[in-house]
Amino acid sequence: PEPSSMATRHSVPTETVYGLAADATNGKAVAAIYETKGRPSFNPLIVHVSGFGMAETIADFDPVSRKLVEAFWPGPLTLVLPLKPGAGIASLVTAGLDTVGLRCPKGPAQDLIRLLGSPLAAPSANSSGRISPTTAQAVEADLGGKIPVILDGGASPVGVESTIVGCFDAPMLLRPGGLPRAEIERVLGRALCIRQVDAGSC
């Protein structure tokens, strides 16, 4: 799609799964993502960036998060960070929270963000509750009648969602995914805290 067309949502291939992407600074476009997926608006979206330069205009990075960026971006790692005041991200993206999830993808999605010059909000391109798609054909079977464009980049090589790490007082694994926990802990030189339903564990 042309950069101006990201004012609505399109399916974009990433190395993890196919995303349902729109301009993260455009509230109407972001609202269309929620509507298309049938996703509750209290569930925040991951913001995809072209690199660290764009990311640091959106969120505050500490030494730990910078180390993870240097080691794993672009790649299947999402970092949850403090949102910068005035970052310009639509409030629907963060569900009104003061944190934001950021990821720098590999491949066509990164190229598209560079071309657009704006970050993309992009959850997986599937109806809420269904399996995340790893091919354009899977997106078409689920959302084909609801979105104008599906970019076919072949099968997603990682094939599962990104790993999410919360960069809080102690780094916390919020969701396992395409980047193994052991690799993150190797770079950090320490164990990640693990979020549990009934308790936290470090």
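Student: Which strand gives the most residues to the lining of the largest pocket?

Tutor: Keep in mind that we're looking at a predicted model. The elements that give two or more residues to that lining are β3 (46-48), β4 (77-82), α4 (91-94), β5 (99-103) and β8 (172-175). With 4 residues, the one that gives the most is β5.

Student: Okay, and how much space lies in the largest pocket?

Tutor: Rolling a probe the size of a water molecule over the atoms shows where empty space is left. For the largest pocket, the space comes to about 690 Å³.

Student: Which residues are closest to the centre of the largest pocket?

Tutor: The lining of the largest pocket has 31 residues. By class, 14 of them are nonpolar, 12 polar and 5 charged. The closest to the centre are Arg39, Pro44, Ile46, Ile164 and Arg175.

Student: Back to β5. How many of its residues are buried?

Tutor: Buried is the word for a relative accessible area under 20%. Strand β5 is mostly covered, and out of its 5 residues the buried ones number 4.

Student: Which residue of β5 does His48 stand opposite?

Tutor: Look at β3 and β5, which pair in the parallel sense over 3 bridges. Follow His48 across to β5, and you land on Arg103.

Student: What about β4 and β5, do they run parallel or antiparallel?

Tutor: Check the partners first: Leu79 is bridged to Leu102 in β5, and Val80 is bridged to Gly101. There are 4 bridges joining β4 to β5, and the two strands run antiparallel.

Student: Which residue in β7 is the bridge partner of Thr78?

Tutor: Strand β4 is also joined to β7 (residues 163-166), by 4 bridges, and those two run parallel. By the way, β4 is mostly covered, with 5 of its 6 residues buried. In β7, the partner of Thr78 is Ile164.

Student: Now β2. Why is strand β2 said to be largely enclosed by the rest of the structure?

Tutor: Find residues 19-23, which make up β2. The strand is called largely enclosed because the buried residues number 5 of the 5.

Student: How many residues are in the hairpin that joins β1 to β2?

Tutor: Strand β1 covers residues 10-12, and it pairs with β2 in the antiparallel sense over 3 bridges. The hairpin joins β1 to β2 through a stretch of residues numbering 6.

Student: And which residue in β6 is the bridge partner of Ala22?

Tutor: Go to β6 (residues 120-121), which 2 bridges join to β2. The two strands run antiparallel. In β6, Ala22 is partnered by Ala121.

Student: How much space lies in the largest cavity?

Tutor: A search of the whole structure for cavities of 30 Å³ or more finds 1. Its lining is made of Val12, Thr14, Ala21, His48, Pro105, Ala109, Ile113, Leu120 and Ala122. By class that's 7 nonpolar, 2 polar and no charged residues. The space in the largest cavity is about 40 Å³.

Student: Is Thr36 buried or exposed?

Tutor: Start in helix α1 (residues 27-37), where Thr36 sits. Anything under 20% relative accessible area counts as buried. Thr36 has 6%, so it is buried.

Student: What separates the C-alpha atoms of Tyr34 and Leu45?

Tutor: Tyr34 lies in helix α1 too, and with a relative accessible area of 6% it is buried. Leaving aside neighbours within four places in sequence, its contacts include Arg39, Pro44, Leu45 and Leu92. Tyr34 and Leu45 are 11 residues apart along the chain, and their C-alpha atoms are separated by 9.2 Å.

Student: Last one: what separates the C-alpha atoms of Gly51 and Ile113?

Tutor: Gly51 is in the loop between β3 and α2 (52-55). At 17% relative accessibility, Gly51 counts as buried. Along the chain, Gly51 and Ile113 are 62 residues apart, and the separation of their C-alpha atoms is 9.3 Å.

Notes:
Residues are numbered from 1 along each chain as its sequence is written. This is a predicted model: local features need pLDDT of at least 70, side-chain atom pairs count only at pLDDT 80 or more; totals for chains, interfaces and linings use all residues. Side-chain values use heavy atoms; hydrogens and water are left out. Buried means under 20% relative accessible area, exposed over 50%, partly exposed in between (1.4 Å probe, protein chains only). Two strands pair if DSSP finds at least two bridges between them. On a 1 Å grid over the protein atoms alone, a cavity is a set of points where a 1.4 Å probe fits but cannot get out, and a pocket is an open set with protein on both sides within 12 Å along at least five of seven lines; lining residues have an atom within 4 Å of a point. Grid points are joined across faces, edges and corners, and a volume is the space filled by probe spheres set on the points. Ala, Val, Leu, Ile, Met, Phe, Trp, Tyr, Cys and Pro count as nonpolar, Asp, Glu, Lys and Arg as charged, and the others, Gly among them, as polar. Contact means heavy atoms within 4.5 Å.
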